[in-house]
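Trainee: I would like to learn how to read a model feature by feature. Could we take the terms one at a time, with a case for each?

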Amino acid sequence: MELDIVRFLENKTILVTGATGFLAKIFVEKILRIQPNVKKMFLLIRATDKQSATRRLHEELLQKKLFHVLREKWAENFNSIVEKLTPVPGDVSCENLGVHNFDLRSQMWREIDIIVNSAATTNFSRRYDIALAVNSFGAKHVAEFAVRCANIKMLLHISTAYVCGNMTGIIREKTFNMGETLNGSGVLDMNEEKLLVEELMMELREMNASEREITIALKNLGLQRARLHGWPNTYTLTKAMGEMILWHHCNQNTPLAFIRPTVITSTYREPFAGWMEDSSFRTIDSIAINYGRGRLKFFLGNPDTIIDTIPVDMVVNAIIVAIAVHANKPNSNKIYQVGSSRKHPLTYLDITDIAWSYFRDSPWIDENGEPVQVHKIGIMESMASFRKHLRRYILLTKVLKVASSMFGGRLQGLHADLPKKVNAAVRLAELYEPYAFFKGIFDDTNTEALRATISDNGVNLERVFYFDPRCIDWEDYFKRIHFPGLVDAFNRK
């Protein structure tokens, strides 16, 4: 099949939801860099009005270092290229994507060729009402909006590979049936889940609950509902429901593809190596930061567990190729799992050894300008051993509390925060436990076929739209690219 992706993108109008997110920014930058003749990009941004959306566009995208390469490449044409970006104040959790201006909404319905739904809340334990609104009903609203677009050629939805929950073995690139649960516990109904949230909110208001109490209750509800149906957390449950509703709404009429990335890390190559967001840190990054700063001596995990990671620019390349392949082909709908566990696995032990080597040779500099010395991280191979380790700190808290009372409260500062820290550590470990002991390998048969389309069309396409993890030397990537980028991002905060 002859495939000219760059030419395909020419004169296209693209809607990107969640446009200020990590993945979406890199997608927008890549499109503008490889095809400045794209017609228009509507960027849906959570904002109260056009002015606020425009400010966020400039502050959170265009002024970032991420866009420096684009600025240098197109020089005097840069401003005319970024004028193709149209910030749209809106919110996927609302009908019509929260686009209240009727004329603008009508224009979008007339002009949009491609929709990339990148909007999501990725916090594992987000309040259930928020996660439902964005990840589940947000997908529904995107699907309904897509149906109204007269010339739509493709809807691409960004999900997560971990909608699989705690499945083991080879995890296939297959869809969910509407209402399917992972453990067969009845039928999952999005509207009933929303009703549960509303009923809980009514009860809490009648009790005059504080905002903090409401937040805790809604977080707990999300985790309870997720675990009831076989998912480990609120995030993966609500993303799975989002997949179900999108497939149900769009499967017959609109060309549709799902991208399920695994753990996304910093850029491998483009627009330059090592860029990552400075506003939030994901899973392995938060662990690496705390380890490098000397604050993490032990963590939960199985040394042989495969940590499936994939650089963000490879995910973006897979997205762009999938768009070009599926456009105008309603019956070609596919799911693509984009990761490394099948083709080029990296183990928990590998990454802890690489982290130790990096921070030993390039130590973190603390607030006093002193290098932080690290030792190899201790790996707790079960929750039982992790809790046993934490019991020492609980005992220390009790000893310090008694000592503080004997010395007139002068030692209170030493023990006051320890219970909170212990509870936070337990909660964090419980959230990450399913991934620390994950026993699945993500099948990438469809993704491999997608890679084959660019291989069949010449070396140039492979160079521009690379997403084969086998080209990565993991030790070199983490020591030369990812960890330095991580430290730089943390220091930019």
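Trainee: Is N208 buried or exposed?

Mentor: Buried means under 20% relative accessible area, exposed means over 50%, and partly exposed is in between, with a 1.4 Å probe and protein chains only. N208 has a relative accessible area of 68%, so it counts as exposed. This is a predicted model, in which local features need pLDDT of at least 70, side-chain atom pairs count only at pLDDT 80 or more, and totals for chains, interfaces and linings use all residues. Residues are numbered from 1 along each chain as its sequence is written, and side-chain values use heavy atoms, with hydrogens and water left out.

Trainee: Where is N208 found?

Mentor: N208 is in the loop between α8 (190-206) and α9 (211-228). Helices (H or I, at least four residues) and strands (E, at least two) are DSSP runs, numbered from the N terminus.

Trainee: What should I look for in the backbone?

Mentor: Most residues other than glycine have a negative phi, and most peptide bonds are trans. N208 is not a glycine, yet its phi is positive, about 55°. N328 also has a positive phi, near 65°. N328 sits in the loop between α12 and β11, and it is exposed because its relative accessible area is 52%.

Trainee: Which residues does a cis peptide bond join?

Mentor: E270 and P271, with omega about -5°. P271 belongs to the loop between β8 (263-265) and α11 (283-292).

Trainee: How do I read a sheet?

Mentor: Two strands pair if DSSP finds at least two bridges between them. Here seven strands form an open sheet with parallel pairing, in the order β3-β2-β1-β4-β5-β7-β11. β3 (85-89) and β11 (334-338) are the edge strands, each pairing on one side only. From one strand to the next the twist averages 20°.

Trainee: How many bridges join β7 to β11?

Mentor: Five, and β7 (residues 256-261) runs parallel to β11. F258 stands opposite I335 of β11, and R260 has Q337 as its bridge partner in that strand. Four bridges join β5 to β7, again in parallel; there L155 has L256 as its partner in β7.

Trainee: Which residues lie on each side of β7?

Mentor: L256, F258 and R260 are on one side, with A257, I259 and P261 on the other, and all are buried.

Trainee: What is T254 in contact with?

Mentor: Contact means heavy atoms within 4.5 Å. Leaving aside neighbours within four places in sequence, T254 touches I152, L155 and N333. T254 lies in the loop between α10 and β7, and it counts as buried because its relative accessibility is 3%.

Trainee: Where does F27 lie, and what is it in contact with?

Mentor: F27 lies in helix α2 (residues 22-34). With a relative accessible area of 2%, F27 is buried. Its contacts, again leaving aside neighbours within four places in sequence, are I14, V16, M41, V116, V316, I319, I320 and I323. The C-alpha atoms of F27 and D313 are separated by 8.1 Å, although the residues are 286 apart along the chain.

Trainee: How is a pair of packed helices described?

Mentor: By the angle between their axes and the distance between the axes. The axes of α12 (residues 312-326) and α17 (residues 445-455) come within 10 Å and cross at roughly 80°. That makes α12 roughly perpendicular to α17; angles under 35 degrees count as roughly parallel, over 145 as roughly antiparallel, 65 to 115 as roughly perpendicular and the rest as oblique. A318, V321, A322 and V325 of α12 make the contact with L450, T453 and I454 of α17.

Trainee: And what about the chain as a whole?

Mentor: The chain has 19 helices and 13 strands, and 55% of its 493 residues count as buried.

Note on methods: Axes are lines fitted to C-alpha atoms, for helices over the stretch in contact, and angles run from 0 to 180 degrees between N-to-C directions.
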